[in-house]
Amino acid sequence: MSCQPKASDNGILVYNAKELQDAISKAQPGTSIVMANGQWEDVEIRLMAKGTEDQPITLRAEAPGKVIIRGQSDLKLGGEYLVVDGLYFTNGASPSGAVIQFFIDKNTLANNSRVTNCVIKDFNKAQRDMTDLWVLFKGRHNQLDHCYLEGKSNRGPTIRVDLEGNESIRNYHKINNNYFGPRPPKGGPSAETIQIGNSATSMTPSHTLVANNLFDRCNGEVEVISSKSNFNEFRGNVFYKSQGSLVTRHGNYCIVDGNYFIGDENSPQVGGVRLIGTGHQVTNNYFYNLHGEIFRGPLAMMNGIRQPAVNRYFQVTDVVVAYNTWVDCSSPWQFGVGSNVDQKEVLPSSEIRSETPTRTIVANNLIYNSVGDHMPIVRYDSIDGIDFKSNVINNQGVAFRGVEGLEEKDFSMRELEENIWVPTSDLSEIQPFSGFEFDQINKDLLGNSRAENSSIGATNGAGPERPNMMDVSKYGPDWYNSSADDSSKETHTVSTGEEFAKVIEAAQDGDIIELASERFEFNYSLIIDKKLTIQPAKADAKVSLVYSGPAGTPAFEMNPKGKLSLNAIILSGNGENYAFATLKENMSGLYNLKVKDCELSDFDYVLKAYKYSFSEYISFESSVIKNCSNGIELSAEDDDRGEYNAENVYIVDCQFERVNKNVIDYYRGGYDESTVGGNLIVRGSTFTQSGAGEENGILINTYGIINVDISGNKFRNNPVEQVARLWGAKNNSHADNVITNSGALIVEENLPLKLMY
């Protein structure tokens with residue numbers, strides 16, 4: 001028998017879904033409903049009530065973070081002045097289109113309501129192609145603040161603001177002080193962290209404020225934030241090593257002010273701000289160590305389409321880019337991005353981006369390169385419509401093609417805090433340009449006044465205080481510590497096949513399994529659903545694993561969250577089974593696979609990736625693959641909607657011998673110019689007597705993959721027409737390959753792909 005609700009000064013304590021809904025149905029202004037600590041399974045919360053500004057109706061956890069909502073669960077708010085506080089959604093998925101949404105149905109929207117101090121983590125649909133949102137805004141004056149959201153892997157933005165209907169325009173929503181934890185790459189479009197509006201409503205006013213949030217490695221797709229409506233503001237956010245950009249995709253008159261964009265010297269995917277449309281102001285922003293190109297450029301100003309459809313690219317007009325700082329960014333200014341006039345033979349006129357930016361001002365900006373950049377300004381098309389005023393660069397004396405309005409000057413920088421560099425002098429000798437309404441840019445990046453003696457760049461003056469931008473206490477709930485999820489790894493040593501299987505099942509994330517015997521035989525798939533390393537117990541030794549399971553089954557079954565590193569293993573099959581394969585369905589999360597110093601032989605497939613599966617990293621290094629019917633098969637996403645099966649594939653110093661077909665088969669279909677993956681490196685490897693069964697006559701299939709590097713390889717006696725067919729207009733390249741009796745390696749400048757729109 002359940003406990004009865006208990007009313008007290010601290011609120012009405014409820015213990016199950018029925019008591020919760022009964023309490024909601026009776027709620028009056030000022031009511032506080034308290035969910036009891038514990039596991040709440042398969043609970044659909046409908047908070048429909050009307051509070052007042054002075055007396056909101058509150059639904060909160062008995063103790064923040066102690067109310068764990070699991071299974072098929074969601075939360076919908078409808079009414080006025082509602083507050084939700086301290087809930088933790090994990091290990092489940094929404095049974096509807098959103099985990100949390102600010103409406104019950106089309107007639108019952110939430111207004112003046114708030115979700116705060118909550119966590120949503122790994123709350124994903126069963127498969128990557130299933131669409132949902134974690135937070136969906138409708139109505140007006142709603143707020144999401146001090147929440148933590150991490151790990152969305154299926155289709156759909158993490159947060160979306162909908163603008164359908166007069167009741168949801170001019171909404172003035174606030175998304176502030178949240179911690180957006182890592183979002184893994186999805187492998188295709190529709191994986192933004194925040195999307196405000198859509199193409200159909202892109203000309204409507206939203207006035208959504210996104211402020212003081214931390215975006216930590218939000219790598220879902222090329223757009224971390226996609227603004228698709230008018231009059232949105234993005235202020236004081238930190239984008240930390242997020243492989244994408246803040247993009248004014250549709251709509252106009254956005255303000256991008258006082259944000260930090262922090263890159264990674266090891267990643268060419270981290271971007272800054274990409275501009276499309278009219279009337280935007282990009283001011284007081286700081287860009288550091290960004291090395292993205294084109295759509296992920298530090299500043300990417302796009303070409304538009306003449307008379308575009310509502311869902312395509314509008315010309316950049318009447319934009320101001322002023323008082324920003326770029327430090328150690330590769331080609332920080334990239335103009336005319338997306339220009340594709342040279343592809344008019346394979347694209348319809350409605351897709352040709354020929355309209356260059358116009359009536360645009362780039363003024364009072366600062367560029368500093370500790371190592372000179374030969375091309376700090378990239379021109380993909382004419383920049384005649386852009387006026388450059390009072391900009392300064394220190395390029396360490398390295399010559400480049402400049403513009404009038406960008407002055408070369410010798411000045412130095414000092415580190416204010418990690419990743420933040422400021423000039424050592426106030427550069428007061430540079431007279432800032434004073435354009436229309438520039439007087440309204442009255443504060444700098446750090447909140448200091450520009451009212452008097454304003455200087456160029458994001459920071460005003462030479463003596464600013466530390467911003468402590470990575471102080472995590474500023475973002476998310478104070479009760480949640482994401483680092484607490486990390487467990488210390490343990491090493492297990494096993495000697496028999498029975499021990500091996502038991503340890504794999506019982507091991508914790510990050511553990512190492514060392515094999516003490518020379519040979520293990522097994523006839524059932526080993527399930528990999530956590531991060532594991534499998535290697536010999538003795539250094540410089542190799543261990544033989546012999547898999548005799550049924551045809552079509554894998555030795556290692558890659559499950560969601562499975563991350564396997566296989567080192568110095570001789571893995572063999574029976575000719576009809578697989579070495580590695582994903583689940584055929586319900587791949588709710590990604591997997592990773594690293595194979596090093598191994599030998600794999602006598603399999604039907606070395607790796608079989610099924611539809612809707614996705615890997616962030618697949619790596620084969622210093623390994624031998626031989627006597628297999630199929631090699632590495634990553635071509636199951638055949639709907640031509642821009643999806644693909646893996647983000648990064650590395651084949652380095654490997655040998656492929658007598659692999660009949662699908663030696664490396666990696667496919668992305670559909671013309672989606674904003675998708676910048678996948679990424680394939682084939683380097684220092686040898687391919688011998690392989691591809692005889694390949695119907696299309698191509699040894700390495702890379703159709704539609706954006707970044708391909710095939711270099712330093714040897715191709716010997718492979719009975720194929722072509723070694724590879726590369727896409728010249730994209731980042732496909734080859735070099736220093738030796739090809740003997742193996743067909744040609746060709747480059748085709750413009751591949752015809754099916755339009756997605």
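Student: Which residues line the second largest cavity?
Tutor: On a 1 Å grid over the protein atoms alone, a cavity is a set of points where a 1.4 Å probe fits but cannot get out, and a lining residue has an atom within 4 Å of a point. By that rule, the lining of the second largest cavity consists of Arg128, Ser153, Pro184, Pro185, Lys186, Met587, Ser588, Gly589, Leu590, Tyr612 and Phe614.

Student: At which pLDDT do side-chain atom pairs count in this model?
Tutor: Residues are numbered from 1 along each chain as its sequence is written, and side-chain values use heavy atoms, with hydrogens and water left out. The model is predicted; totals for chains, interfaces and linings use all residues, whereas local features need pLDDT of at least 70 and side-chain atom pairs count only at pLDDT 80 or more.

Student: How many charged residues does the lining of the second largest cavity have?
Tutor: Asp, Glu, Lys and Arg count as charged; Ala, Val, Leu, Ile, Met, Phe, Trp, Tyr, Cys and Pro as nonpolar; and the others, Gly among them, as polar. In this lining, 6 residues are nonpolar and 3 are polar, while the number of charged residues is 2.

Student: How much space lies in the largest cavity?
Tutor: The search of the whole structure finds 9 cavities of 30 Å³ or more. A volume is the space filled by probe spheres set on the grid points, which are joined across faces, edges and corners. For the second largest cavity that space is about 70 Å³, and for the largest cavity it is about 90 Å³.

Student: Which residues are closest to the centre of the largest cavity?
Tutor: The lining of the largest cavity divides into 5 nonpolar, 7 polar and 4 charged residues. Of its 16 lining residues, the closest to the centre are Gly220, Glu221, Val222, Arg296 and Tyr644.

Student: Which residue of strand E60 is the bridge partner of Ala581?
Tutor: Strands (E, at least two residues) and helices (H or I, at least four) are DSSP runs numbered from the N terminus, and two strands pair if DSSP finds at least two bridges between them. Strand E57 (residues 578-582) pairs in the parallel sense with strand E54 (residues 554-558) over 4 bridges, where Pro554 stands opposite Tyr578. E57 also pairs in the parallel sense with strand E60 (residues 605-608) over 3 bridges. There, the partner of Ala581 is Lys608.

Student: Is Arg359 buried or exposed?
Tutor: Buried means under 20% relative accessible area and exposed over 50%, with partly exposed in between (1.4 Å probe, protein chains only). Arg359 lies in the loop between strand E39 (353-355) and strand E40 (360-363), and has a positive phi of about 50° although it is not a glycine. At 52% relative accessibility, Arg359 counts as exposed.

Student: Within what arc do the buried residues of helix H2 fall?
Tutor: In helix H2 (residues 497-506), the buried residues are Phe500, Ala501, Val503 and Ile504. The arc is that of the directions from the helix axis to the C-beta atoms. These residues line one face of H2, because seen down its axis they fall within an arc of 165°.

Student: Which exposed residues does the face of helix H1 turned away from its buried side carry?
Tutor: In helix H1 (residues 17-25), the buried residues are Glu19, Leu20, Ala23 and Ile24. Seen down the axis of H1, they fall within an arc of 135°, so they line one face of the helix. The face turned away from that side carries the exposed residues Lys18 and Ser25.

Technical notes. On a 1 Å grid over the protein atoms alone, a cavity is a set of points where a 1.4 Å probe fits but cannot get out, and a pocket is an open set with protein on both sides within 12 Å along at least five of seven lines; lining residues have an atom within 4 Å of a point.
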